[in-house]
Amino acid sequence: MLKIGANVSIAKTGMLAAVEETISYHANTFMIYTRSNRGGKARPIEEFNRDEAAELMKQHGIVDPVVHAPYLINLASPVENTWEYGVELLREDIRRTSYLGIKYLVFHPGAHVGQGASYAVKRIAEGLNAILTGDEDLFVCLETMAGDGSKVGNSFEEIAEIISLVKHKDRLGVCGDTCHMYSYGYDIVNDFDGVMQKFDDIIGLDRLKVFHINDSKTPFGSRKDRHENIGLGSIGIEAMKRIVYHDLLKDMPLILETPEGRYKEEIALLRGEIERPGYLDSRR
């Protein structure tokens, strides 16, 4: 079964709002932030209407939702206050995600801000070792990055090294991102099988838990994190369809993070329910 959805809002009624938006897209999974994606004080998680949302999900066949942690978390930071803030924020997001009964929490590994990737890998692992107890009932997923700025977790080797340094590595997963992988230099358009084989060799496919489905505004190997609507970028519709229907992704939540709120059309396009969404004409 194709599990596809989008990054949806928690405005007013929390998880209940997210489920209602997901239903409006005819989707069967979703992703939320449980606070502003820029961090800051969070609304009490008890106000998220968890039980009502779970019942509505059951009625509409919505499964395997995902939480994304705030971008402000930087476990690679050499600045102690920044690193400690990231540790506490991720620790709190684990508690919030667990309360909601969600099994996948995605986060950006971090940026070394001049200290180098080797330093950052060790620093991220140090943060995860300070956070994870081994008793978590979810997977904390490192997202593959696009190679822009001083971000780390771009290559499969960097992610594998982080995981190798974490004590409770059984609690760790990986979130792939089509835009990030392609922009970094993994040719998922012409050789998705080869890229996945490399992932398996270096990290292990058992770690791959979630995939973000985004076209790319910039060309292959540009090392820029610029998401585009499906079919308007350098990856293209046909490659995106091949990816979302690949056997390796068939039981995985696939999450759109594309611009302009075209999720309903994009989901219908990827499902083969429409051949050409209106935004292809309006943007070209």
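I started at aspartate 193, which lies in helix 7 (residues 192–202). Helices here are DSSP runs of H or I with at least four residues, strands are E runs of at least two, and both are numbered from the N terminus. The model is predicted: local features need pLDDT of at least 70, side-chain atom pairs count only at pLDDT 80 or more, and totals for chains, interfaces and linings use all residues. Residues are numbered from 1 along each chain as its sequence is written, and side-chain values use heavy atoms, with hydrogens and water left out.

I looked up the accessibility of aspartate 193: its relative accessible area is 52%, so the residue is exposed. Buried means under 20%, exposed over 50%, partly exposed in between (1.4 Å probe, protein chains only).

Next I checked the aromatic pairs. The whole structure holds eight. Rings of Phe, Tyr and Trp (its six-membered ring) pair if their centres lie within 6.5 Å; planes under 30 degrees apart count as stacked, over 60 as edge-to-face, the rest as tilted. Tyrosine 104 and phenylalanine 139 are stacked, because their planes are at 15°, with centres 6.3 Å apart. I placed tyrosine 104 in strand 4 (residues 104–107) and phenylalanine 139 in strand 5 (residues 139–143), so the pair ties together parts 35 residues apart in sequence. Tyrosine 104 is buried at 14%; phenylalanine 139 is partly exposed at 22%.

I then turned to tyrosine 184 and tyrosine 186, a tilted pair with 5.7 Å between centres and 40° between planes. Both tyrosines are buried.
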